[in-house]
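Subject: Structure handover

Hello,

I am passing on the structure we spoke about, with notes on what turned up in it. Please look it over alongside the text below.

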Amino acid sequence: MFDAVRAVMIFCPSPERAARWWGDLLGLDVHLDVDGESVFAWLNVGAVEFGFHQADESRNPHGASTVPYWSVEDLDRVRERLLAAGCTHHRGPLQVSRGRRICQVIDPFGCVIGLDGP
């Protein structure tokens, strides 16, 4: 019935700025779809489209979206890199099972991002 996740959409005040920040951090190209003042920006992270859409009352008000979790090989190293790049701590790290921890950071645009790994 379901296959792998194809896309994750984050709602934020500045989609293009958020996508460019993540694109620079990850060394990925940013793609844009501009329709007047409406901007959808995305990165292709592996097989997943990681998109940023304008948050407003008609398109999922800011903070009302789910939290995407990225699988990482070293949670502490990646978390420290994100904090040094401008993210702020949100919660965790939490031990959720043997050998698996999670945490959340907030990027400079208010998007909550999760990390999942040892």
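The largest pocket has a volume of about 170 Å³; please bear in mind that this is a predicted model. Its lining consists of Trp22, Leu25, Leu26, Val45, Trp70, Ser71, Val72, Arg77, Val78, Arg81, Leu82 and Leu115. Sorted by class, the lining of the largest pocket holds 9 nonpolar, 1 polar and 2 charged residues. Three elements supply at least two lining residues each: α1 (15–26), β5 (69–71) and α2 (75–85). Of the elements, α2 gives the most to this lining, with 4 residues.

Next, the aromatic rings. How many aromatic pairs does a search of the whole structure find? The search returns 6 aromatic pairs. One of them joins Phe40 and Trp42, which are stacked, with 5.4 Å from centre to centre and 20° between the planes. Phe40 is buried, at a relative accessible area of 14%, and Trp42 is buried as well, at 18%. Phe50 and Trp70 also form an aromatic pair, this one tilted, with centres 4.8 Å apart and planes at 50°. Phe50 belongs to strand β4 and Trp70 to strand β5, so this pair ties together parts that are 20 residues apart in sequence. Both Phe50 and Trp70 are buried. Trp70 has already come up as one of the residues lining the largest pocket. Ring pairs also link a cluster made up of Trp21, Trp22, Phe50, Phe52, Trp70 and Phe109. Trp22, a member of that cluster, is likewise in the pocket lining.

On to the strands. Strand β2 (residues 31–35) runs antiparallel to strand β3 (residues 38–45), and the two pair over 5 bridges. His31 has Trp42 as its bridge partner in β3; Trp42 is the residue whose ring stacks with that of Phe40. The hairpin of β2 and β3 has 2 residues between the strands, and Gly36 in the turn has a positive phi of about 70°. β3 also pairs with strand β4 (residues 48–54), again in the antiparallel sense, over 6 bridges. Here Val45 has Val48 as its bridge partner in β4, and Val45 is also among the residues lining the largest pocket. In the hairpin of β3 and β4, 2 residues lie between the strands, and Gly46 takes a positive phi near 60°. For the backbone in general, most residues other than glycine have a negative phi, and most peptide bonds are trans.

The peptide bond between Gly92 and Pro93 is cis, with omega at about 0°. Pro93 lies in strand β6 (residues 88–97).

Then the cysteines. How many disulfides does the count come to? The count comes to 0 disulfides. Cys87 is in none, and the nearest cysteine sulfur to that of Cys87 belongs to Cys111, 9.4 Å away. Cys87 counts as buried, because its relative accessibility is 6% and the limit for buried is under 20%. Cys103 is in no disulfide either, the nearest cysteine sulfur being that of Cys87 at 10.0 Å. Cys103 is buried too, with a relative accessibility of 1%.

Met9 is located in strand β1 (residues 7–12). Is Met9 buried, exposed or partly exposed? Met9 counts as partly exposed, at 36% relative accessibility. Between Met9 and Arg100 there are 25 Å in space, C-alpha to C-alpha, and the two are 91 residues apart in sequence. Asp33 lies in strand β2, the strand that pairs with β3. With 46% relative accessibility, Asp33 counts as partly exposed. The C-alpha atoms of Asp33 and Glu16 are separated by 9.7 Å, and these residues are 17 apart along the chain.

Regards

Key
Residues numbered from 1 in each chain as written. Predicted model: local features only at pLDDT ≥ 70, side-chain atom pairs only at ≥ 80, totals over all residues. Heavy atoms only, no water. Disulfide = S-S within 2.5 Å. Buried < 20%, exposed > 50% of the residue type's maximum accessible area, 1.4 Å probe, protein only. Pairing = 2+ DSSP bridges. 1 Å grid on protein atoms, 1.4 Å probe; cavity = no way out; pocket = protein on both sides within 12 Å on 5 of 7 lines; lining within 4 Å. Points joined across faces, edges and corners; volume = space filled by probe spheres on them. Nonpolar A, V, L, I, M, F, W, Y, C, P; charged D, E, K, R; others polar. Phe/Tyr/Trp six-rings, centres within 6.5 Å; stacked < 30°, edge-to-face > 60°.
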